[in-house]
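Take a moment to look it over before reading on.

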Amino acid sequence: MLEAFFTLFLMMLLSLISTIAVYLAVTERNLLRAVLFSALQSMCYAFLYYILMAPDIVLVYVPVSIGLYPAAILFLIRKTKECE
Amino acid sequence: MLLRRLITVSVLIVFIVLTSYTITALNVLGELPPRGLRPLALWFLNTSITPWLNYFSAMAPETVTAIVWDYRGLDTLFETAVFYFAIIASIALFRGIEEKRGGGYVGLSKIVRVVSRVLLPINIVVAASIAIHGTITPGGGFQAGSAMAVAPLILIIVFSRFFLKEKGLSKNLLIALRGAGLVGIGVASILALALGLLSGGYSFIFQNQPKEAAPTGLPPDVLGFPIAGTLFIFNICEFIAVFAGFTIIFILLSIPEDVAREALHGEH
């Protein structure tokens, strides 16, 4: 019972953090910081997928959304301007 | 300004909490998540590895891999094709842009380089393990390929893109590797068909295990290791194709904008 409550609480916490991270990523004018907020959101989602028992999704989500996607965006930011 | 942001975030959170509450606790969309398994899920779970029902089974201990490369194998083939064409488009956009080695950039500090040297072999081993064990544990070709692609990405950032080239991992080699991976997927998809035609019987494209009208199938295990017929080949080939595809993109993206512009203007 306590374990289920803890899992539910963790899921709610991660969902709320990811929502705030998405909001900050959308409103942030410095694109580098926006990428970091987006990576924070991805990290929360990765944990959520793990809690929801979807290991196949976790294994693809971790490298793509925390490694490859922010790296691609960072490379692209370097080709443009750092701020909007 | 801060107050406005605070109010926006609070409204957003209240909206999400209320929506989640109505969907899950009040069951406005029916029972979510359902307490029992759906009939389709039961079918997959009951048939993914059942030697006594081998005409229906994919003979793969990992049900997700069985679904991805057997039950809905053609969908995955077309997804792979979409990824293939996206990379082709990127290569076409960056055509003719090659940077000569300059003396300037030597990579990040020694601490980062040493840590990368220690961690990268672990990354490679984990990625290879995800690919090879794709038929028995969660994961598969795409997961392994994207995990493996992190290694050259880190090498590009920490040591510079010339390091990859000096180690032999050039763009052309990666294009060839990706081609080989995709050819492997193509061959695996018609392997059972070829065997069936050679033995004079019927068989299907993308067939893995024997079916009632098409008794030709591939062995579910080799030397005691469950390869689940074509699924192991698909996983390994997809691993190579995805790894090479992502690495090509990062090699191309890492070319500085001024070099790319110079090459593009020189074209006309």
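## Chain A at a glance

Helices (H or I, at least four residues) and strands (E, at least two) are DSSP runs, numbered from the N terminus. Read from the N terminus on, chain A goes α-α-α, with three helices and zero strands.

This is a predicted model, in which local features need pLDDT of at least 70, side-chain atom pairs count only at pLDDT 80 or more, and totals for chains, interfaces and linings use all residues. Residues are numbered from 1 along each chain as its sequence is written, while chains are lettered from A and ligands numbered from 1 in the order in which they are written.

Along the principal axes, the C-alpha atoms of chain A fill a box of roughly 50 × 25 × 10 Å.

## Where chain A meets chain B

Two residues are in contact if their C-beta atoms, placed from the backbone, lie within 7 Å. Chain B brings 21 residues to the contact and chain A brings 16 residues. On the side of chain B that touches chain A, two or more residues come from each of α1 (2-24), α6 (141-159) and α10 (230-253) of chain B.

## A look at Leu177(B)

Leu177(B) sits in helix α8 (residues 171-189) of chain B. Leaving aside residues up to four places away in sequence, Leu177(B) touches Ile240(B) and Ala244(B). From Leu177(B) to Met59(B), the C-alpha to C-alpha distance is 29 Å, and the two are 118 residues apart in sequence.
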